[in-house]
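Here are my notes for you on this one, written as numbered points. Keep the picture open while you read and find each residue as it comes up.

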Amino acid sequence: EESSPQSAARRIRRPFLQRSSRSFHNFARMRKDCATRIRVLAFLAALWLSPVEVHAESPESQAEKLVSEMTLEEKMDMMNGLGWQEFDLMAGYFVGNTPPIPRLSIPPLNMQDAAQGFRTMDARQVGQVTSWPSLLAMGATFDVDLMYQWGSALAKEFTGKGANVILGPSLNLHRVAKGGRNGEYVSGEDPILGAEMARAYIRAVQDNGLLAVAKHFILNNQETNRNTVDAHCDQRSLFEAYYRPFIASVEAGVAAFMCSYNLVNGTHSCENDELLQRHLKDIIGFDGFVQSDWWATHSTSVDKGLDQDMPGNDELFNHKALGEVDEALLDESVKRILTQMIKVGLMSKSYCTPPSQECDTLLFETNVRTSEGLSLARRIARESGVLLQNDGALPFDGTKELTLAVVGSACDASNDIDVQLATWDLGTYYTVGGSGRVIAKDPVSIIAGLRVGQPKPSYDSSPKRRPVLTVLRRRRSKRTRMTE
């Protein structure tokens with residue numbers, strides 16, 4: 001082997017160059033790897049910092065998938081109510097009911113009336129729920145924010161009682177002064193007022209996870225002969241006036257409509273394809289479901305736009321009757337029902353299934369009245385008073401002697417709970433009559449309210465005196481004298 005200085009230098013330089021080459025390549029590889037890591041981290045950071053569009057399955061698609069997995073009998077059950085024998089509600093049921101389908105995690109629909117709060121149909125329920133001011137009183141406040149507060153409070157009471165569907169709001173315009181359901185209808189005579197109030201009510205109820213039902217579609221302006229009266233109306237008037245609160249309901253995303261008892265232009269509302277199919281679903285664009293008022297349909301009118309028959313014991317939507325209907329129409333109706341249940345969130349919750357001990361506990365033993373609710377009810381009643389004219393008499397001058405005339409039997413009205421429970425449509429000075437009624441347990445009469453904080457007065461109740469005028473005299477000393 002060479003021993004010259006040159007060969008010695010080569011021997012020394014060769015390993016050094018080899019080591020340097022390896023180091024250079026390692027460094028290059030590390031730099032490349034580092035650059036790759038930086039690019040990956042930058043990409044991940046961009047994903048984290050930037051909005052990512054997630055394509056979740058729509059409620060309609062979810063509903064369509066569920067329908068494809070249902071048997072024909074299960075579809076029919078969702079379209080027909082249960083829980084009634086003739087005109088009597090069976091023990092342990094809500095006013096309206098459909099059965100659950102446990103294998104598909106579809107809960108029952110537990111429906112309850114609504115116009116004045118959670119409807120009291122049993123003596124045990126009286127005092128467990130708030131007897132709110134009527135919907136007409138709520139409309140007289142002209143306060144949509146207050147309506148939203150009330151709708152939220154209403155939803156909490158219904159939820160506490162086991163319901164997941166509120167059979168409201170009631171929206172028809174007043175056209176007959178003695179209309180039996182005028183007290184239920186928030187619109188009064190003003191379609192614009194009704195539209196704004198409807199939006200607030202529906203948002204409040206459905207924001208709190210219950211289905212709302214806009215009713216009664218349409219022209220239910222009187223209760224006299226309600227099953228046979230025929231309301232005639234041209235299309236322009238329908239769309240510009242009578243439909244306005246209902247169109248607003250659709251815009252607010254209402255889950256369901258309830259068709260009315262009366263005929264419209266010669267055909268019963270619940271089998272009127274001009275109203276339900278062409279106007280409501282096609283032109284207005286309603287994507288929810290239509291249910292009948294209780295016993296308001298007269299045929300198996302699925303092809304006319306009716307999706308659900310209530311209360312379900314008239315045999316018009318039973319398995320035999322629906323078996324004669326094209327299954328594609330049944331699929332469409334059930335899809336509409338399920339879509340709304342998914343949208344509002346019912347599918348992710350559990351509910352009692354009547355009749356059961358769990359439902360009985362909620363319906364008859366659970367008190368959902370709260371001090372906050374009672375305070376809100378008083379505020380609504382106070383705000384509903386509309387002062388048409390003030391010639392300087394108000395506010396009262398507290399420095400002067402004051403005499404108030406309290407006139408009429410309504411100012412000291414009785415509240416017989418047993419009599420009201422025995423007659424379903426009986427109204428009082430404290431509650432509306434019929435399906436919207438919430439019987440008050442301990443209402444305060446006008447005269448009792450005026451007496452609060454005052455010594456109990458003595459007065460002459462002699463039959464020789466006409467008990468039409470009660471005078472309450474209040475002095476600065478707060479002493480009271482009563483005469484009749």
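1. Let's start with a term we need: a residue counts as buried under 20% relative accessible area and as exposed over 50%, with partly exposed in between. Keep in mind, too, that this is a predicted model. Now try the term out on E86: buried or exposed? Its relative accessible area is 66%, so E86 is exposed. E86 sits in the loop between β1 (84–85) and β2. Its phi is near 55 degrees, which is a positive value in a residue other than glycine.

2. Compare that with L219. Here, too, phi is positive in a residue other than glycine, near 65 degrees. You'll find L219 in the loop between β6 and β7 (230–231). Its relative accessibility is 5%, and because buried means under 20%, L219 counts as buried.

3. Next, the sheet. In what order do the strands of the open sheet come? The order is β3-β4-β5-β6-β8-β11, which makes 6 strands with mixed pairing. At the edges are β3 (96–98) and β11 (289–292), each of which pairs on one side only.

4. β3 and β4 run antiparallel and are joined by 3 bridges; T98 has L109 in β4 as its bridge partner. On the other hand, β4 (109–112) and β5 (165–166) run parallel, with 2 bridges between them. In that pairing, M111 stands opposite V165, and Q112 has I166 as its bridge partner.

5. Stay with β4 for the two faces. In a regular strand the side chains alternate between the two faces of the sheet. In β4, L109 and M111 are on one side, N110 and Q112 are on the other, and all of them are buried, with both faces covered.

6. Now a helix. Which residues of α8 (244–251) are buried? They are P245, F246, A248, S249 and V250. The cover over these buried residues includes α6 (191–207), β6, α7 (235–242), β8 (256–259) and α9 (273–283). After α8 comes G253, with a positive phi near 85 degrees.

7. On to the core. In soluble globular proteins, nonpolar side chains tend to be buried together. The largest nonpolar core in this model has 101 residues, and Y201, F257 and L338 touch the most other members. Take F257 and leave aside its neighbours within four places in sequence: its contacts are V213, A214, F217, F246, V250, L280, F286, F289, V290 and Q291.

8. What about empty space? Rolling a probe the size of a water molecule over the atoms shows where empty space is left. The largest pocket has a volume of about 1,100 Å³. It is lined by 30 residues, and the closest to its centre are P133, A377, A381, Y430 and V444. Which helix gives the largest share of this lining? That is α13, with 5 residues; α13 (371–383) and α15 (446–451) each supply at least two. By class, the lining has 16 nonpolar, 9 polar and 5 charged residues.

9. The second largest pocket has a volume of about 780 Å³. Its lining has 37 residues, and W84, F87, R119, M121 and W424 are the closest to its centre. Elements that each supply at least two lining residues are β2 (88–89), β6 (211–217), α12 (357–365) and α14 (417–422). Sorted by class, the lining of this second largest pocket has 19 nonpolar, 9 polar and 9 charged residues.

10. Last, check two peptide bonds. The bond from P354 to P355 is cis, with omega near -10 degrees, and P355 is in the loop between α11 (327–344) and α12. A cis bond also joins L394 and P395, where omega is about -5 degrees. P395 is in the loop between α13 and β12 (402–407).

Terms used: Residues numbered from 1 in each chain as written. Predicted model: local features only at pLDDT ≥ 70, side-chain atom pairs only at ≥ 80, totals over all residues. Heavy atoms only, no water. Core = buried A, V, L, I, M, F, W, Y, C linked by side-chain atoms within 4.5 Å. Buried < 20%, exposed > 50% of the residue type's maximum accessible area, 1.4 Å probe, protein only. Contact = heavy atoms within 4.5 Å. 1 Å grid on protein atoms, 1.4 Å probe; cavity = no way out; pocket = protein on both sides within 12 Å on 5 of 7 lines; lining within 4 Å. Points joined across faces, edges and corners; volume = space filled by probe spheres on them. Helix = DSSP H or I, 4+ residues; strand = E, 2+ residues; numbered from the N terminus. Nonpolar A, V, L, I, M, F, W, Y, C, P; charged D, E, K, R; others polar. Pairing = 2+ DSSP bridges.
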